[in-house]
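Hi,

Here is the structure I promised to pass on to you. Have a look at it first, and then read on for my notes.

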Amino acid sequence: MVPNVNATPVLGRRGLYWQSAACLVLLAGAGWLVRRHWPVVTHGAVRLAGADQGWLLVAAVAAAGTWASSALAQQGAVTRRLPGGRLVAAQFAASAANHVLPAGLGAGAVNLRFLMRCGITVGRGASALAVKAASGAVVRLVLIAALAPACPGLLRIPHVSGAALLAVTAVAVLGMALLRARVWPRCRGAVAAVAADIRALHARPVRAAALWGGSLAFAGLHALVLFAVTRAVGLPLSPPRVALLYLAASGAAALLPTPGGFGSLDAALALALTASGTPAAAAASAVLGYRLLTVWLPLLPGLLVLGLLVRRRAL
């Protein structure tokens with residue numbers, strides 16, 4: 001039987017089409033919410049315009065540091081030494097691409113191309129991206145577990161009936177059985193490669209420190225951006241409280257495949273802040289300031305850097 005060499009690209013395109021359609025639906029929903037709460041949004045924008053400039057400067061410096069920390073984590077995910085300047089530029093460009101394509105596809109594509117230009121194979125590059133993503137997820141879970149006792153009652157677990165819990169458990173068990181029977185044989189090689197890379201990285205303490213330190217700094221600096229913006233607009237929230245709200249909201253937003261978390265992260269952050277007792281207008285101004293510094297202001301320069309890297313064949 002002759003294998004269908006075109007099957008994989010077609011399935012990839014179909015997956016991208018479905019993901020893009022889901023993004024459009026979510027973005028349309030976000031637009032509807034903004035239109036419905038437009039007075040609150042405009043009030044928040046006015047409040048942000050009169051915010052404390054010193055705290056906004058702190059937030060801007062922290063936002064710039066997120067690209068350096070991302071570069072540090074990416075370096076820690078590979079054993080080969082990467083060119084530092086181009087690595088930071090690639091992370092800056094990847095963040096811009098991530099806000100154009102759905103569900104992190106832009107950042108993954110840019111980083112994979114960069115690693116390939118540095119002489120790393122496609123398989124090793126994909127493994128490095130998986131290692132970096134896994135370390136970031138672990139760091140966020142550890143931070144949430146560490147900060148939750150310091151902010152009792154901030155994260156409330158909703159009440160779930162016994163029947164619903166039993167149904168969810170049954171679906172999870174069935175899903176795991178299907179994955180093990182059909183998906184696991186195909187993914188076994190990739191999982192083994194990632195595990196081998198993790199062992200190789202942790203055999204080199206410098207690389208392990210870069211991986212975990214960069215992942216920790218990335219999450220911490222994003223939380224610092226949000227904290228500085230809340231102080232700039234006059235919200236008296238403690239750093240642990242803001243950090244926990246950011247980690248919980250960004251984790252929830254990651255479940256929705258919108259480009260750069262558009263709509264999903266904004267709604268999750270606003271909901272988290274208002275649920276903690278923040279007035280709606282103040283929450284809107286904090287979210288607007290955070291997104292302005294981490295997305296909108298760097299977007300055009302990031303796309304220009306992306307084009308420059310492509311033109312110079314660095315990607």
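In which helix does Ser 215 lie? Ser 215 belongs to helix α8, which covers residues 205-232. Please keep in mind that this is a predicted model.

Ser 215 has a relative accessible area of 7%, so it counts as buried. Setting aside neighbours within four places in sequence, Ser 215 is in contact with Ala 73, Lys 132, Ser 135, Gly 136 and Val 139.

Now to the aromatic rings. There are three aromatic pairs in the model. One of them joins Trp 55 and Phe 227: the ring centres are 5.8 Å apart and the planes meet at 85 degrees, so this pair is edge-to-face. It links distant parts of the chain, with Trp 55 in helix α3 (residues 53-76) and Phe 227 in helix α8, 172 residues apart. Trp 55 is partly exposed, at 30% relative accessibility, whereas Phe 227 is buried at 10%.

Trp 67 and Phe 92 also make an edge-to-face pair, with 4.7 Å from centre to centre and 65 degrees between the planes. Here Trp 67 sits in helix α3 and Phe 92 in helix α4 (residues 84-98), 25 residues apart. Trp 67 is buried, with 18% relative accessibility, and Phe 92 is buried too, with 16%.

The model has zero disulfides. Cys 118 is buried at 13% relative accessibility, and Cys 151 is buried at 7%.

Best wishes

Conventions:
Residues are numbered from 1 along each chain as its sequence is written. This is a predicted model: local features need pLDDT of at least 70, side-chain atom pairs count only at pLDDT 80 or more; totals for chains, interfaces and linings use all residues. Side-chain values use heavy atoms; hydrogens and water are left out. A disulfide is a pair of cysteine sulfur atoms within 2.5 Å. Buried means under 20% relative accessible area, exposed over 50%, partly exposed in between (1.4 Å probe, protein chains only). Helices (H or I, at least four residues) and strands (E, at least two) are DSSP runs, numbered from the N terminus. Contact means heavy atoms within 4.5 Å. Rings of Phe, Tyr and Trp (its six-membered ring) pair if their centres lie within 6.5 Å; planes under 30 degrees apart count as stacked, over 60 as edge-to-face and the rest as tilted.
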